[in-house]
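Here is a short briefing to read alongside the model. Please keep the structure open as you go through the points.

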Amino acid sequence: MEINLSARDIRAFLAIANALSFSQAAREMHLSQSALSTLVLRLEDAIGTRLFHRTTRTVALTAAGEVLASHADQLLSDLERTVIAVRDVAAVRRGRVTLAAMPSLAARIVPRLFRAFGEKYPDIKLSVIDTLSEPAFELVREGRVDFALTAANPVYTDLDYVPLTTDNFVLLAARSHPLGRARGKLRFTDTLSSPHISMSRHTSVRQYVEAAALQNGIGFHPAYEVDHLATIGAMVMEELGVAALPAMAADVISGEGIVRRPLVNPVIRRSIGLVMRRDGSLSPAAAAMLALLKHQIRNSVS
């Protein structure tokens, strides 16, 4: 059975129960006695029983009224706490934001984003899932994250992709490697004669490199395939090969013996953007983080 009770109904009931007087309760509620009586009748009709014994001189609670009176204060308190919680979420004072990001972006962009957001909204809980591009899209599709920060993937036509910036590829080589000793920009096709260390086939990095090679009528056949940037860095340091990576991914790899060179002919650019559900709206907290992220990226490229 559906019972439609408002906070005003409960307050009116409590005013009568405490005063045992309709006239006094009507003054407290700023209602006429007839309006208060109508409210009580509607309340009794909704509950399905009488709440007051009323004569011309006295007002008393029925057994059902006694039960309602014993719970009414708690009902009001619960309702008020719920309203406060909802208002806190709307005002970005409470809540949670979860985002997915490719490992290079999780390491390069997310820490600064979380620090700035946490300073502004200290009570919002934050979490990040660092994953590859394709799983990031799936996490958005499944509703497990609010949005994803990742590379474009035209396969996911049911999701919205909003480009934010581009990330140019560079070549990483050991300082003692012939390509590491070269000066200035390198032709991408000239690097293919050297062994390459690449991320695996299902990554966006690999797909961009393969497309650039095919653009020049060359197949891309790396000497090594790995899944982690740290492994690529260690293998480049040992001169097992060179690596073509987006600049943001290259930023994650550190080492005194590694140098980076810009790649041209072609210039390989990876689009970086936001992935969101097309039919879902963001929470106020997620929307606030999204606005901050866009602001940070605009400032970083301006």
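Helix α2 is followed by H30, whose phi is positive, near 60°. Helices and strands here are DSSP runs (H or I of at least four residues for helices, E of at least two for strands), numbered from the N terminus. This is a predicted model, in which local features need pLDDT of at least 70 and side-chain atom pairs count only at pLDDT 80 or more, while totals for chains, interfaces and linings use all residues. Residues are numbered from 1 along each chain as its sequence is written, and side-chain values use heavy atoms, with hydrogens and water left out.

- Most residues other than glycine have a negative phi, and most peptide bonds are trans.
- H30 is not a glycine, yet its phi is positive, about 60°.
- You will find H30 in the loop between α2 and α3, where it is exposed with a relative accessible area of 73%. Exposed means over 50% relative accessible area, buried under 20%, and partly exposed in between (1.4 Å probe, protein chains only).
- E239, also a residue other than glycine, has a positive phi near 60°.
- The place to look for E239 is the loop between α11 (229–237) and β10 (243–246); its relative accessible area of 42% makes it partly exposed.
- N265 and P266 are joined by a cis peptide bond, with omega about 0°. P266 sits in the loop between β11 (258–264) and β12 (269–277).

- An α-helix has 3.6 residues a turn, so residues three or four places apart point the same way.
- In α2 (residues 22–29), the buried residues are F22, A25 and A26. They lie on the same side of α2 because they cover an arc of only 105° around the axis; the arc is that of the directions from the helix axis to the C-beta atoms.
- These buried residues of α2 pack against α1 (7–19), α3 (33–47), β1 (52–54) and β2 (59–61). Contact means heavy atoms within 4.5 Å.
- Helix α6 (residues 110–120) has V110, L113, F114 and F117 buried. Their arc around the axis is only 95°, so they are on the same side of α6.
- R115 and E119 are exposed residues on the face of α6 turned away from its buried side.

**Pocket and cavity**

- Rolling a probe the size of a water molecule over the atoms shows where empty space is left.
- On a 1 Å grid over the protein atoms alone, a cavity is a set of points where a 1.4 Å probe fits but cannot get out; a pocket is an open set with protein on both sides within 12 Å along at least five of seven lines, and lining residues have an atom within 4 Å of a point.
- The largest pocket has a volume of about 210 Å³. Its lining has 18 residues, of which M102, P103, S104, M199 and L229 are the closest to its centre.
- A volume is the space filled by probe spheres set on the grid points, which are joined across faces, edges and corners.
- At least two residues of the lining of the largest pocket come from each of α5 (103–108), α10 (204–215) and α12 (247–252), and α5 gives the largest share, four residues.
- By class, the lining of the largest pocket has ten nonpolar, five polar and three charged residues. Ala, Val, Leu, Ile, Met, Phe, Trp, Tyr, Cys and Pro count as nonpolar, Asp, Glu, Lys and Arg as charged, and the others, Gly among them, as polar.
- One cavity of 30 Å³ or more turns up in a search of the whole structure. The largest cavity has a volume of about 30 Å³.
- S133, E134, A152, N153, H202, T203, S204 and Q207 line the largest cavity, and α7 and α10 are the elements that give two or more residues to this lining.
- The lining of the largest cavity divides into one nonpolar, six polar and one charged residues.

**Two residues to look up**

- T191 belongs to helix α9 (residues 188–191) and is buried, at 0% relative accessibility.
- Leaving aside residues up to four places away in sequence, T191 touches L171, L179, L186, H196 and L263.
- E142 lies in the loop between α7 (133–141) and β5 (147–151) and is partly exposed, with a relative accessible area of 47%.
- The side chains of E142 and R144 are joined by a polar contact of 3.4 Å. A polar contact is a pair of N or O atoms within 3.5 Å; within protein, one must be able to donate a hydrogen and the other to accept it, and residues adjacent in sequence count only if both atoms are side-chain atoms.
- E142 and R277 are 135 residues apart along the chain, and their C-alpha atoms are separated by 9.1 Å.
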